[in-house]
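Subject: Handing over a structure

Dear colleague,

I am passing this structure on to you, and below it you will find my notes on what was found in it. Please read them alongside the view.

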Amino acid sequence: MRKTSQRFVTGIAAGTLLLASSQLAFAAGQAKNVILMISDGQGFNTLKATEYYKGGKAVYESFDVKYGMNTSSAGRRGNYTGQPYSPASMATSFVYAKSGATDSASAATAMFTGVKNYDNEVNYTTDNKALTTFFEKAAKAGKSIGAVSSVDWTHATPVSVFGHNIARGNYGQMAKEAIYGSNPNANNANYDAGNYNGNLKVVMAPGNPWYDNNAALRTTPNYGLIGEQKHWDDLVAGVNGWNLITTQAQFNAMMTGDTPDKVFGMPQAYDTLQYNRTGLGGLNSKKAPYADALNSGVPTLATMAKAALNVLDNNPNGFAVMIEGGAIDWANHADLTGRMIEEQTDFNDAVQAVVDYLDAGTNGNTWDNTLLIVTADHECGHLWGDGRVAGSTFFDVNGNGVFDHGVDYAHVKNNGTGNLPETWYHSTSHTNALVPLFAKGANSDLFANQVIGTEPNLKGIYNLDSNWDGKNTYIDNTGVFQVMNMAALATDISAQVSAATSSMAYNRVTRLYNGKLTITNTSAAPISGQLIVTLSNLSTGVTLTNASGMDNGAPFIKPAMSGDLAPGASITVPLTFSNPSNAKINFTTVTFKN
Ligand SMILES: [Zn+2]
């Protein structure tokens, strides 16, 4: 039940209690499912180059919710400090973005936990504590969780769904966490080994010790990516309820029909599905996509995504999954436009598969109950066009009206469908550039609360089209966690609390109305977690000026908390309203915890 309307008469006003019976607009927690899709190493120009080659945009580029995203980390332990993105620096220096970039472990940690940490460290704080990821929280709340990638499953991004380690290279330790649901760092009291145990239902990614990068059977297995032979033997034996699948036919079969409860899918390839097969060219090779025959016998990322969803959606409580195109980054490190386009296409096809799944309302999962986020963890390669090519356009960093290579931002030039676009890599590493974020579905509007800045040159630098008109703000990557957490894990506790409002006082100096709301735990059990108090049906023309954010048009406030709210205990929430027309201030409170 949702309750307690508050009414204020202008000025001093005594509250009148009303009962709300209508369905309220506020909808935090409406996302039963969260699907986070990450193109590792994707920048705006990665998307552009792929669009030009394919002759069309990826499906998610038309999503209404779109932002730039800052990817900076806390820096590197004992080394440099991460620097948040600076539009002014970007506008004046071509090389600016090349310094101080995050790595995939810290980027994943920020997105999955909401905490900035050091590069190369997986869900590990700067002061050596293991963090609980959104996925672990979702698992604890009864949802199924999973990790899917086109690169090996102990690589930084997929492993950050469930792993915790001071070093991303400790593959074996983090492999243990997935396989056995147990903590190899038993001396770390902050780690809750039971968080996901039992609800990590899907891991699907290469790393198969018996196959090489050409998807060919080895004579001697290589256990390097999963730590040790015992891990493989135990998975084969079905340890911890896992059903191991490896063949393309097994992945295909997993896309439809009944499935086992837990599926560990390791395609017959070593560290990538396709990227690392024979034929990689040298730096800035202009080899066309698919010039080398694709590995046979391995699934696409789209197939794995469909298989993963078909396992995860067995759970009536919903699911949370991370699906990564992992080798866009690898191609960008090697400055290989052709292979990058292959990998980005594989990723885009996987997003299309997920969109189709939701469009069809598969197993009751729709845009109304599912949040889909499509983003990147960082840009890689400092990829631009080559402005020296006739017909190229560019963003004029030094303002001299002519293109200066290595100074101005050249736009990727379209050479027509099926032809490599004109590109030029200016780095073999990650950059600090903004990456794109797209979202659609349940609670996707919550991203509006995460904006931390504006990049006035976003369209100009990247030659973006009208889809981006009026959309030049950016969020921080920790905002991905904030949105997923509130969208999927906020629960309505209005029936466990009462809400009482004080009289309102008008402040002639600030011209604002001040009052307070007292939330009391009327249940017999302590309430833990962050309270979120929403003011639904707020009078027209009245604004809650100290709101923490908006959801579906309703302002909400997150009061400062000091631990659990004991039975009978209260918390006081200050409220400040702007009310230029001196209207009656009416609203209905709905209280959530997160
Ligand atoms: Zn990388």
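**A covered strand**

Strand S9 (residues 370–376) is mostly covered, since seven of its seven residues are buried, where buried means under 20% relative accessible area with a 1.4 Å probe and protein chains only; strands here are DSSP runs of E with at least two residues, and helices are runs of H or I with at least four, numbered from the N terminus. This is a predicted model, in which local features need pLDDT of at least 70 and side-chain atom pairs count only at pLDDT 80 or more, while totals for chains, interfaces and linings use all residues. Residues are numbered from 1 along each chain as its sequence is written, and side-chain values use heavy atoms, with hydrogens and water left out.

In a regular strand the side chains alternate between the two faces of the sheet. In S9 both faces are covered, with Thr370, Leu372, Val374 and Ala376 buried on one side and Leu371, Ile373 and Thr375 buried on the other. S9 pairs with strand S2 (residues 33–39) in the parallel sense over seven bridges, pairing being counted if DSSP finds at least two bridges between two strands, and leucine 372 of S9 is the bridge partner of isoleucine 35. With strand S16 (residues 435–441), S9 pairs in the antiparallel sense over four bridges, and there the bridge partner of leucine 371 is glycine 441.

**Two helices in contact**

The axes of helix H3 (residues 104–113) and helix H13 (residues 478–489) come within 5 Å and cross at roughly 30°, which makes H3 roughly parallel to H13, a term for angles under 35 degrees. Ala110, Met111, Phe112 and Thr113 of H3 make the contact with Thr478, Val480, Phe481 and Met484 of H13, contact meaning heavy atoms within 4.5 Å.

**A buried glutamate**

Glutamate 121, in the loop between H3 and helix H4 (134–140), is buried, with a relative accessible area of 4%. Leaving aside neighbours within four places in sequence, glutamate 121 is in contact with Arg77, Ala105, Ser106, Thr109, Asn165 and Ile166.

**An enclosed helix**

Helix H6 (residues 171–180) is largely enclosed by the rest of the structure, because seven of its ten residues are buried. What covers the buried residues of H6 includes helix H5 (156–159), strand S5 (200–204), helix H7 (229–236) and strand S7 (263–265). After H6 comes glycine 181, whose phi is positive, near 65°.

With best wishes

Note on methods. Axes are lines fitted to C-alpha atoms, for helices over the stretch in contact, and angles run from 0 to 180 degrees between N-to-C directions. Angles under 35 degrees count as roughly parallel, over 145 as roughly antiparallel, 65 to 115 as roughly perpendicular and the rest as oblique. Buried means under 20% relative accessible area, exposed over 50%, partly exposed in between (1.4 Å probe, protein chains only).
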